[in-house]
Amino acid sequence: MSGALLSAMIVDDEPIARQRIRRLLAREADFHVIGDFGSVAECEPMEARAAPDLLLLDVRMPERNGFDLLASFEARGVHPFVIFVTAYAEYAVEAFGVEAVDYLLKPFDDERFAKTSG
């Protein structure tokens, strides 16, 4: 990259998964995490004003799902690159239908993560 940092937001209801993604992103010099959240509702105050370059997003979370969050961004004209990080393979087609750049199935290894973020 040309030295510009890309802003990243993590939304996943599993605290250990968020910590791991944050740790893996820290290895990549081009990314700066602007927030990590355990639910769509927790993310809403930040989502209303943020325009992340990259969104690392779980699909199934309590109350609202990752696709709901994408719809909120879309309504504001914000179109981050999206990498779904989930344990549910059955949403992959829908994810690529919203132009996700990748779909990581949990558990994934560090090498697989590096392929998607590098």
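Leu55 stands opposite Val82 in strand 4, a pairing found in a predicted model in which local features need pLDDT of at least 70, side-chain atom pairs count only at pLDDT 80 or more, and totals for chains, interfaces and linings use all residues. Residues are numbered from 1 along each chain as its sequence is written, and side-chain values use heavy atoms, with hydrogens and water left out.

Strand 3 (residues 54-57) and strand 4 run parallel and are joined by 4 bridges; two strands pair if DSSP finds at least two bridges between them. Helices (H or I, at least four residues) and strands (E, at least two) are DSSP runs, numbered from the N terminus. From strand 3, the chain passes through helix 3 to strand 4 in a right-handed β-α-β crossover, that is, clockwise from the first strand over the helix to the second with the strands pointing away from the viewer.

On to the next pairing: strand 4 also pairs with strand 5 (residues 102-105) in the parallel sense, over 4 bridges. Here Ile83 has Asp102 of strand 5 as its bridge partner. The β-α-β crossover from strand 4 through helix 4 (residues 92-97) to strand 5 is right-handed. Strand 4 (residues 81-86) is largely enclosed by the rest of the structure, because 5 of its 6 residues are buried (under 20% relative accessible area, 1.4 Å probe, protein chains only).

Note on methods:
Buried < 20%, exposed > 50% of the residue type's maximum accessible area, 1.4 Å probe, protein only.
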